[in-house]
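This report is written for a reader who has not seen this structure before. Please look over the sequence and the model first, and then follow the text with both at hand.

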Number of protein chains: 2
Amino acid sequence: MPHRRSAYFVSDRTGITAESLGNALLTQFDMLEFKRETIPFIDTADKAMAVAEQIRQRAQSDHFRPLVFVSIVNPFVREAIQVDDCAMVIDFFHAFVGQLENELEQKATLTVGKSHGIISEEKYDTRIEAVNFSLNHDDGVKLKDLAEADVILVGVSRSGKTPTCLYLALQYGIKAANYPLTPEDLDSPTLPKMLLPYRKKIFGLTIEPQRLHHIRNERKPDSRYASIDNCRREVNEAESLFRHHGVPFISTTHKSIEEIASTILHHTGISRRF
Amino acid sequence: MPHRRSAYFVSDRTGITAESLGNALLTQFDMLEFKRETIPFIDTADKAMAVAEQIRQRAQSDHFRPLVFVSIVNPFVREAIQVDDCAMVIDFFHAFVGQLENELEQKATLTVGKSHGIISEEKYDTRIEAVNFSLNHDDGVKLKDLAEADVILVGVSRSGKTPTCLYLALQYGIKAANYPLTPEDLDSPTLPKMLLPYRKKIFGLTIEPQRLHHIRNERKPDSRYASIDNCRREVNEAESLFRHHGVPFISTTHKSIEEIASTILHHTGISRRF
């Protein structure tokens, strides 16, 4: 019987924060396996007591005490999860709120849901506008889009531009345009003409030829487009172009979308729009 | 002179986790304003010392001690941010790692970047496949897509389906199809024919008519499509359809994309794919 620990992420909202910090901690114990479960929207004492009961039962059936990562603002709801006798509770929120109250010389308002709620319709609109921006021009970029963009991602087909543009829009409300380098662009020693007025906004993405070959082959098996020779040539030419014109660029090969997006923001100094 | 506190989010990776927990804490002090700054990729002692210097200078020019939210795994890098004499440091990672080591009777490996890095190409592919899935059929849904989808979001035009589908793909690797209810669908007492074989996978989105009117009016000002009467009628009919056929649905009006997505997962029991 495998001795996997149960790990719960319990939140009064979406559970995204509890999950991400909890997972960051758990991955530090890579010899162990965990049964992970996210329980969002626990915002009343009744719901909290039901969660406590669930954890209590699990504690009885498991060989080990469950780990419970909690992010619940309201202290009455939080206290209804009384499982300290049978589980290990890590409270991401209340562990720090007292310290902050002392430092800021102010009581926390202890109101739920300000961070992932719609704070204002205006901010929500900014985000959706950015999403629509990246969707509308994904098939082919127009001059108007380039003028409006906060940043223009440039790279060969399937180097990671599309998911990065979408992520920048959804996560940061940033309008990211997507300029695919065509074989003609790669043959030319100059930057694509369309990009010249906006060279300060462009950022390059590159990728290892072997990985590009794999990705393209999934789409168009055994095509010239996907061949390792062609991938190698396109990547070489794209990187030469970036270097020659001083375009900053990064490799997406061993990076998650989060890392690519966050690197671009860090490098360009663009900040979130909502 | 406004007395805004400086708040830094310092991370060895993207800073997303430090930012989200830090902001959740700061929003509890809504009488105060903060100058927020995220400093990602602090993964060497040299970089950490440079950050410490930056905070130290800010501490001198500000009226208040800066708040520093840190999420850095490597203890040597973490310790290089020695600013406890001039700032308030909240360490999201090391605050809990010791407790977990005791509970799990194992030392933390203290290796960086397992949580947001590409853990395996396979998982990365799952995510990108889901993104491409939601992009490919955004303009018009095909029967094949419905069969392949993990969940099918149904609602009137501009009720929030598109950003939610993209978010489900990017954040959870879930294939979410998008079925827009047309005026013809709304006139019919039955569910759209295409959806019948997949009714267990469908989930409805609705929205307040006033908000829908506002959103549509931005796109097509003064059109019949955007008129408040038409919005009211479409929303009423969509909600009747959902109720009549027992389709679960939620209103997107006062929810962020995170909350909509997380509610759908919670309700349908679908779990993340990567």
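Phe203(A) is buried, with a relative accessible area of 1%. The model is a predicted one, and the values in this report are computed from it. Phe203(A) belongs to strand 7 of chain A. Leaving aside neighbours within four places in sequence, Phe203(A) is in contact with a list of residues that includes Val151(A), Ile152(A), Leu153(A) and Val154(A). Also on that list are Val247(A), Pro248(A), Phe249(A) and Ile250(A), as well as Ile264(A), His267(A) and Thr268(A). For Thr268(A), the separation from Phe203(A) is 65 residues in sequence and 8.4 Å in space, C-alpha to C-alpha.

Gly204(A) is found in strand 7 too, a strand that covers residues 202-206 of chain A. Gly204(A) has a relative accessibility of 0% and counts as buried, since buried means under 20% relative accessible area. Not counting residues up to four places away in sequence, Gly204(A) touches Val154(A), Phe242(A), Val247(A), Pro248(A), Phe249(A) and Ile250(A). Ser251(A) lies 47 residues from Gly204(A) in sequence, and the two C-alpha atoms are 8.6 Å apart.

Another pair that is separated along chain A is Glu53(A) and Val83(A). These residues are 30 places apart along the chain, and 8.5 Å separates their C-alpha atoms. Glu53(A) is part of helix 2, residues 45-61 of chain A, and is partly exposed at 39% relative accessibility.

| Pair | Apart in sequence | C-alpha to C-alpha |
|---|---|---|
| Phe203(A) and Thr268(A) | 65 residues | 8.4 Å |
| Gly204(A) and Ser251(A) | 47 residues | 8.6 Å |
| Glu53(A) and Val83(A) | 30 residues | 8.5 Å |

Two loop residues of chain A come next. Arg158(A) is not a glycine, yet has a positive phi of about 70°. Arg158(A) sits in the loop that runs between strand 5 (151-156) and helix 7 (161-172) of chain A. With a relative accessibility of 27%, Arg158(A) counts as partly exposed. Asp222(A), also a residue other than glycine, has a positive phi near 60°. The loop that holds Asp222(A) lies between helix 9 (209-219) and helix 10 (228-244) of chain A. Is Asp222(A) buried or exposed? At 74% relative accessibility, Asp222(A) counts as exposed.

The next part turns to chain B. Thr164(B) is placed in helix 7 of chain B, residues 161-172. A relative accessible area of 1% makes Thr164(B) buried. The side chain of Thr164(B) reaches the backbone oxygen of Gly160(B) at 2.7 Å. Apart from residues up to four places away in sequence, Thr164(B) touches Leu153(B), Leu205(B), Ile257(B), Ile260(B), Ala261(B) and Ile264(B).

Helix 7 of chain B also packs against the other chain. At what angle do helix 5 of chain A and helix 7 of chain B pack? Helix 5, residues 121-136 of chain A, meets helix 7 of chain B at an angle of about 80°, and the axes are 10 Å apart. These two helices are therefore roughly perpendicular to each other, because angles of 65 to 115 degrees count as such. On the side of helix 5 of chain A, the contact is made by Arg127(A), Ile128(A), Val131(A) and Leu135(A). Helix 7 of chain B supplies Thr162(B), Pro163(B), Leu166(B) and Tyr167(B). Of the residues in this contact, six are nonpolar, one is polar and one is charged.

A polar link between the chains involves Glu258(A), whose side chain is joined to that of Arg127(B) by a polar contact of 2.9 Å. Glu258(A) is found in helix 11, residues 257-268 of chain A. At 4% relative accessibility, Glu258(A) counts as buried.

The last point is how the copies are arranged.

Conventions:
Residues numbered from 1 in each chain as written. Chains lettered and ligands numbered in written order. Heavy atoms only, no water. Helix = DSSP H or I, 4+ residues; strand = E, 2+ residues; numbered from the N terminus. Buried < 20%, exposed > 50% of the residue type's maximum accessible area, 1.4 Å probe, protein only. Polar contact = N/O pair within 3.5 Å; in protein donor to acceptor, adjacent residues only side chain to side chain. Contact = heavy atoms within 4.5 Å. Axes fitted to C-alpha atoms, helices over the stretch in contact; angles between N-to-C directions. Parallel < 35°, antiparallel > 145°, perpendicular 65-115°, else oblique. Nonpolar A, V, L, I, M, F, W, Y, C, P; charged D, E, K, R; others polar.
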